Every structure is written in C-alpha cells, then in structure tokens.
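This report covers the overall fold and a few selected residues. The sequence and structure come first.

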Amino acid sequence: MDRLDNTVRPYAWGSTTAIPRLLGVEPTGEPQAEMWMGAHPGAPSRTARGPLDEVIGEDPEKELGRAAVAKFGPRLPFLLKILAAGAPLSLQVHPNLEQAKEGYEDEELRGIPISAAHRNYKDANHKPELICALTEFDGLCGFRSPDETAELLAGLDVDSLKPYVDLLHAHPEDAALREVLTAVLSADPDDMAHTVTETAAACARLGGAYAPYADIAHHYPGDPGVIAAMLLNYVQLQPGEALFLGAGVPHAYLNGLGVEIMANSDNVLRCGLTPKHVDVPELLRVVRFEASDPGVLRPEASPDGEEVYATPIDEFRLSRYALAEGAAPHDLTRDTPQILLCTSGSVHADGNTLAPGESVFVPAGEKAEVSGSGTIFRATVVA
C-alpha cells in the first residue's frame, strides 16, 4: 500500500482550525477547507511512486482491478475528502448521468472553454456524494414541504415575502416549488437584496428555527440564495451520521468537519450563496422539485465490525471500523482499489502507522490488515 501525501485546498469558506486540529498541527491563520485523497487531476495525492493519477495510469488493471476498470474505466472513480466548513458553501445541485452527458456535449459543441466562468459541465459524469460528520455538522438538504415553507416565511412578517407564501399555497407541490425558486432567482437584484436584508433582520430577531438563515445572510448579504435556502430542510448531523446527496437534490453545507466521498466529477449547478455563475434555466432543468425527508444515514454494522453507509450507487462505498487495542486485526483485502483514512487514535495498516488525517492507497488485491485503537474509514467501489 502507498502512504498518501494530500493537498489541502484553501477555499474561502474553510475553517481555519478544524483540519489543523484533526492533524495535530498549528493553524496557519488561513482557511483550510478540503483535504483531497485520490487521483483527481486537479490535486492528485502524492505517493513514493509518484502522483496517484500517474501511478494508476501506468497500469490501471493492476492498481484498480480488472472488474473496476471494466465498469468505470481506467481511472479511480471516487474522490475522498476531509471537509471543514467554517462558513456556508454555495447552494448547489448535481446532474444525473444523462444530464451530465447532454450538458457536456452541448457546451463542447458550442466551444465553451472548460475554464470559462460560465461553463456548467466540466466533464460527462454525475456527482453523487456522501458526507459523514466527524463533529456536529450543519447543512441544508432537499426541499421541505411547501406548506411548511409557507408557514416559515409567513412567520417573518416581511411584505416582500408574501407573494412567495401565496405561490406555495396555490399550486401542486412540484409547481409551487418550481415557481417560487424561479421567482427568487429571477427577481430584480436590487429588490431581492432589500428583501434579503429585511428577512435577515427578522431571522436574527426571532432566532430559533430562523437562526441558521440569519447566519447564512451574515455571510452572503443580499444574496437571493438566502431566500432559496429557506425552501430546504435544515439538518444537524451528529458525529457518525451522514447524508447522501443524489442527483437533482439542492443542498449546502453550513458548518462542521466531515468525511466526504463523491464520484470523480466537477459538475455543479449553483442556486446562490456564491459570487460564481448561476445559470437559472439549466438549474431548473436539473433540480428535482419534490419535497423529501433529508434521510439521515446511520451505518449498518456487519458481523466483522465493518459499519457501512449504504448508498444506491457503485462509484463509491464508504464504511468505517472502530478499532480496539488488543483486538484481532481486520483483514480488509479486496479485489477493488481502496483508500484507508484514520480519523482518530493510532491505526496500524501493514507497516504503516496512521495518525488522524493520514491515509493510504491500497491497490486491488493487495493485502490490507488493520489493527490498533481508533477509527478508520474505508473508501472503495462496488464492481
């Protein structure tokens, strides 16, 4: 197995302390938002054999296994991250596989450069993802029912919100959600900024269920995404709980430290809480306008001690082990590629001692035996 040297991305929304605290190092004072583990060309992990994407590229079947290459192609199909949100991320949604292929081909035909700020589709892949909390973790996930949102907005007693309340009461669920989101994102910017300012003041005054939106507005004053965020379920995960974000589900991470895994894609359509491009027509094509429970996931334990976060896709499979000192080692050998990440304690993995935040890549079929005292996350694929 290969010990990984991973890149930390300094996005502005990142916490300045959470990742340093996990790693046991002094903060730099700069935001540290995400630590990437994998073979994404934007920041591949480094190994003693070279960058992981190049290592895999030299012999994909040896590194990934024949079954994984046959199913997903000659690239590692997932990206594992430690994510540390100190401020809200953009409100966003991801396309399904068919939408991604169509959108990518369309933008290619129109000659839009991959690096263009208004480009929506950087690749032809979908981007389902899973976030597992390491600390208390706040987020938004999926639409709440129109009636609940109407009650929430009405309680603010802001005149410019009343047309949205009426729309939420006047139509079937999918039409109501579509019309309100469209109206919010298409409103005159000056009028919307005034609405957001009034809404933020009311949220701060009332507190309670409104408090998260006051905080969002503090970070993004005047942004229409503040009102769009109020259409969504607010979720607070406890350590060990997770959310699966499938195609078309609007979501945003607000605060906390977690382990995130996703299909290897950069396709994001933004709804707000960002200075970046918001393509309203394309967004409305991709969003699933249906109210849903956010579906908090808790791991399913197997007899061998593996705790699996079950998801309906094959590009990744995330599980964890709680290891006890003196217990028999766990044999994690698989015929698919794996990344093992320690998040607490001290874990021994075939000659490698891993402290919190340290990780290894295990090629398909290579022996992987772990022991020690702590928690280790296991990322692999279903092939």
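Leucine 273 lies in the loop between β13 (269-272) and α12 (280-286); helices (H or I, at least four residues) and strands (E, at least two) are DSSP runs, numbered from the N terminus. The model is predicted, so local features need pLDDT of at least 70 and side-chain atom pairs count only at pLDDT 80 or more, while totals for chains, interfaces and linings use all residues. Residues are numbered from 1 along each chain as its sequence is written, and side-chain values use heavy atoms, with hydrogens and water left out.

**Positive phi**

Most residues other than glycine have a negative phi. Leucine 273, although not a glycine, has a positive phi of about 60°. Aspartate 157 also has a positive value, near 55°, and is found in the loop between α6 (146-154) and α7 (162-170).

**Burial of single residues**

Buried means under 20% relative accessible area, exposed over 50%, and partly exposed in between (1.4 Å probe, protein chains only).

| Residue | Relative accessible area | Class |
|---|---|---|
| Leucine 273 | 1% | buried |
| Aspartate 157 | 57% | exposed |
| Threonine 199 | 0% | buried |
| Tyrosine 210 | 12% | buried |

Threonine 199 lies in helix α9. Its side chain reaches the backbone oxygen of threonine 195 at 2.8 Å. Not counting residues up to four places away in sequence, threonine 199 touches Leu156, Val158, Leu161, Ile227 and Met230, where contact means heavy atoms within 4.5 Å.

Tyrosine 210 sits in the loop between α9 (189-206) and α10 (211-219). With neighbours within four places in sequence left aside, its contacts are Glu151, Leu152, Gly155, Leu156, Cys203 and Met230. Between tyrosine 210 and lysine 127 there are 83 residues of sequence separation and 30 Å in space, C-alpha to C-alpha.

**The whole protein**

The secondary structure comes to 12 helices and 21 strands. The C-alpha trace spans about 65 × 50 × 40 Å along its principal axes. For 383 residues a compact globule would have a radius of gyration near 21 Å, and the 22 Å of the protein agrees with this; the radius is taken over C-alpha atoms, and the globule rule is 2.2 Å times the number of residues to the power 0.38.

Buried residues make up 54% of the 383 residues. Of the contacts with a separation of 6 or more, 75% are between residues 24 or more positions apart.

Methods: A polar contact is a pair of N or O atoms within 3.5 Å; within protein, one must be able to donate a hydrogen and the other to accept it, and residues adjacent in sequence count only if both atoms are side-chain atoms.
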